[in-house]
Amino acid sequence: MLKIAIDAMGGDFGPEPIIQGLVAALKQNNNFTAIAVGKKDEIEPLLPKQFQSRVEILDTDDVISMHDSATDALKRKDSTIYKAIELVRDQKADAVVSAGHSGASMSLATLRIGRIKGVSRPAIATLMPTSENQNTLVLDVGANVDSDAKNLFEFAIMGQVYAQDVLQLDEPIVGLLSNGEEESKGNEVTKEAYKLISRVPNFAGNVEGSDIFKGTVDVVVCDGFVGNILLKTAEGVADTIGQIIKKNLKRSLISIAGAVLMRKVFKNLKVRVDYAEYGGAPLLGVKAPVIIAHGKSNPKAIQNAIFQAINAASSNLNSHIEERLSQYSN
């Protein structure tokens, strides 16, 4: 049975939504147990009695806040995220989920759990909604602000294997994010990356930002600086569109009546752009699954982040990434 380590204190709203999400996951899946890392006196009252046998609490008071630097986490060995990562390092847990300081999670996972052989830098991957009722996997969206062509090549391999093993896609198509579809477009890094990724099966070449949301390809590769801006922009656009729709619907009785008739459409739209539906972002390239959830995660987001961790831990993702990278290094 899989065991998932949970940073129970790391989110913006304390342990309550995190433990509620954990309980929701426990209700739906009987094939895992959890270790909740945090303040026992705050966590224990949130756990229903019927689930207490499946949740071990590792008591610790120290929490890395969003105002702390990522390097602080390396020194604070009693912090929730440090202890959660150590559980995986010591093979007492199979995966870790944290809605806390993402920089701390990445740094500790890379240094304490370690990288997969052949991976220069881990990458954060996230799912973006498309108009085709599917998702596009985008990486990197924040682990690295500077990436070279070799890093982008590795991201392409990791993203494609994740799409196959975890998302269950057959022969996923990979695209390289650039400022035009032509091979000659891009900066020096993306031009060099194009040559390297061309060796990967099902490489579609350069894609533009709009292709992400059209579902033109299954995996889109970029560096973490561009990817993080893309992610934040997409979140902002989704919020703005929602606000515009709400304001315009209130302007007349006809609009209100139309909104009632379109209720199902609006509900489906909300589901498609809601980060909680995707749970969290996997940190690909480390030796065990690490899922980085949004700081403002609600219980549904935590539940889905846990399911992501279970799916990744149940797959042969890391060994397949290592095999594929080894294949191309020869």
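Is Asn30 buried or exposed? Asn30 counts as exposed, because its relative accessible area is 56%, and exposed means over 50%. Keep in mind that this is a predicted model.

- You'll find Asn30 in the loop between α1 (15–28) and β2.
- Setting aside neighbours within four places in sequence, Asn30 makes contact with Met1 and Arg54.
- Asn30 and Ala312 sit 282 residues apart in sequence, and their C-alpha atoms are 17 Å apart in space.
- Thr33 belongs to strand β2, which covers residues 32–38.
- Thr33 has a relative accessible area of 16%, so it counts as buried, the cut-off for that being under 20%.
- Not counting residues up to four places away in sequence, Thr33 touches Met1, Leu2, Lys3, Ile4 and Arg54.
- Met1 and Arg54 turn up among the contacts of Asn30 and also among those of Thr33.

**Patches on the surface**

- Asp41, Glu44, Asp59 and Asp61 come together as a patch of negative charge on the surface.
- One of these residues, Asp61, sits in the loop between β3 (55–59) and α3 (72–75).
- Asp61 counts as exposed because its relative accessibility is 57%.
- There's a nonpolar surface patch too, made by Val145, Phe225, Val226 and Ile229, with an area of about 370 Å².
- With a relative accessible area of 55%, Val145 is exposed.

- Most residues other than glycine have a negative phi, and most peptide bonds are trans.
- The bond joining Leu139 and Asp140 is a cis peptide bond, with omega at about 10 degrees.
- Gln91 isn't a glycine, yet it has a positive phi of about 60 degrees.
- Look for Gln91 in the loop between α4 (80–89) and β4 (95–98), where its relative accessibility of 74% makes it exposed.
- Asn202, another residue other than glycine, has a positive phi near 65 degrees.
- Asn202 is placed in the loop between α7 (188–197) and β8 (203–207).
- Asn202 counts as partly exposed because its relative accessible area is 35%, which falls between the 20% and 50% cut-offs.

Methods. Residues are numbered from 1 along each chain as its sequence is written. This is a predicted model: local features need pLDDT of at least 70, side-chain atom pairs count only at pLDDT 80 or more; totals for chains, interfaces and linings use all residues. Side-chain values use heavy atoms; hydrogens and water are left out. Patches are made of residues with over 30% relative accessible area and no salt bridge: like charges are joined within 9 Å, nonpolar side chains (Val, Leu, Ile, Met, Phe, Trp, Tyr) within 5 Å. Accessible areas come from the Shrake-Rupley method with a 1.4 Å probe; for residues, only the protein chains shown count as cover. A salt bridge is a side-chain nitrogen of Lys or Arg within 4 Å of a carboxyl oxygen of Asp or Glu. Lys and Arg count as positive and Asp and Glu as negative; His and the chain ends are not counted. The place of a charge is taken as NZ of Lys, CZ of Arg, CG of Asp or CD of Glu. Helices (H or I, at least four residues) and strands (E, at least two) are DSSP runs, numbered from the N terminus. Buried means under 20% relative accessible area, exposed over 50%, partly exposed in between (1.4 Å probe, protein chains only). Contact means heavy atoms within 4.5 Å.
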